[in-house]
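Please give me a short tour of this model in the viewer. I would like to know what to select at each stop and what is there.

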Amino acid sequence: MSAVTLGNKADPAHPSLRNATGSSPRLDALTGIRGIAAWLVVLYHIRLSLVELFPKAAIDVFAKGYLAVDLFFVLSGFVLWCNYAERFNRGGLAETARFMRRRLARIWPLHAFILGVFVLLVWSVWLSGGSISRYPLDELPLNILLIHNWGFTSRLSWNHPSWSISTEFAAYCLFPFIAVAVRWDRLPIAVLVAMAVALMTALAWLFTAKGAVTLGEDIPQLGVWRCLAEFCLGAIACMVWTRWRGAPYRALWAGLCCVSVTAAGLLLSWPETWFVPAAFFTGILALSLDRGALSGALGVRPAVYLGEISYSTYLAHFLLFIAFKMAFVDETLQLSWLSLAGFLALLLAVSIALYHGVEKPAQRWLNRSRPFRANAGTIAPAE
């Protein structure tokens with residue numbers, strides 16, 4: 001998961017989506033919704049410590065917070081296609097090395113930092129005589145290399161949320177070959193939509209064949225396919241957005257499709273594998289096309305800032321909650337209102353500190369190094 005920051009031309013660390021006139025449309029709403037999604041993942045991971053505070057209906061909603069990761073995958077495909085597809089169209093696979101360096105500069109430093117803190121915490125637990133069986137040392141190299149969720153293991157370990165970063169890295173590895181496969185800008189809208197439907201169907205069939213009815217099942221084996229399919233859906237959504245932006249009623253139609261698919265899936269009790277990817281595909285398309293109240297609300301500065309720091313929030317919250325429970329929560333593992341407020345405030349503060357103190361400085365330093373500076377300034381990093 002990486003942050004979306006679109007259309008801020010004053011900041012060279014932000015991506016630029018340029019139209020024919022050279023201006024950059026603002027898609028701040030996509031950044032805002034990513035921030036909200038990150039906090040839904042937080043609520044998902046702490047929900048079992050909230051059962052004494054919230055009614056069962058609310059806990060059931062929090063229990064679906066893992067679906068925010070699917071939203072991240074679609075968003076990532078959309079944003080990377082906006083920022084890099086044309087470059088690959090012009091330069092071909094020769095752009096691959098620079099692309100991969102920039103992507104690793106974006107995601108790896110914070111991942112490595114959090115993993116290092118995790119190692120220190122586990123080491124302290126081991127020194128105190130505690131069990132560290134959930135933190136297998138033989139899987140640590142896979143985590144360091146960001147390939148720990150490529151089907152090599154049978155369970156999540158270490159920093160659990162980083163599984164999605166591992167699968168996004170797989171998507172980055174495939175992205176250059178997808179970008180140069182065909183002249184995507186010449187394909188009709190109908191062909192693009194048909195490809196999206198085919199991807200959704202293939203993903204649903206795969207999960208059904210494995211006996212999975214939710215997208216969160218068997219992450220070590222199915223997570224990478226979940227990511228690749230939804231990442232490609234995001235790229236297709238961007239292709240459609242490129243053709244439709246500025247056209248009347250396109251946002252309305254996409255929004256109606258999103259609402260219709262979601263309502264049908266919920267009312268008819270479809271497996272989420274059959275409708276959630278379609279809902280996110282049409283929803284992201286609608287939000288990117290919208291210029292009304294919804295995009296305005298999600299594009300306000302506080303929401304955008306939460307989106308900008310969302311990668312830090314996402315990667316840090318799991319480790320922070322483990323440490324918080326060890327320090328402040330009794331054996332019932334239940335939070336009070338005060339401890340919940342304290343944890344959320346602490347997480348926000350840590351996210352801000354990591355964003356400004358680790359994530360962005362490391363990214364800027366790596367992007368200033370000589371291999372990263374080739375042709376610098378012609379395109380901004382994609383997230």
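Select Cys-258 and show its sulfur: the closest cysteine sulfur belongs to Cys-257 and is 8.8 Å away, too far for a bond. A disulfide here is a pair of cysteine sulfur atoms within 2.5 Å. Cys-258 is buried, at 17% relative accessible area. The terms are these: buried is under 20% relative accessible area, exposed is over 50%, and partly exposed lies in between, with a 1.4 Å probe and protein chains only.

This is a predicted model, in which local features need pLDDT of at least 70 and side-chain atom pairs count only at pLDDT 80 or more, while totals for chains, interfaces and linings use all residues. Residues are numbered from 1 along each chain as its sequence is written, and side-chain values use heavy atoms, with hydrogens and water left out.

Next, select Cys-238, which is buried at 1% relative accessibility. Across the whole structure, the search finds zero disulfides.

Then turn to the backbone. Most residues other than glycine have a negative phi. Select Tyr-249: its phi is positive, about 70°, although it is not a glycine. Tyr-249 sits in the loop between helix H8 (219-244) and helix H9 (250-267). Helices are DSSP runs of H or I with at least four residues, strands are runs of E with at least two, and both are numbered from the N terminus. Tyr-249 is exposed, with a relative accessible area of 61%.

Last, select Leu-333, in the loop between helix H13 (310-328) and helix H14 (337-368). Leu-333 is a residue other than glycine with a positive phi, near 65°. Is Leu-333 buried or partly exposed? Leu-333 is partly exposed, at 41% relative accessible area.
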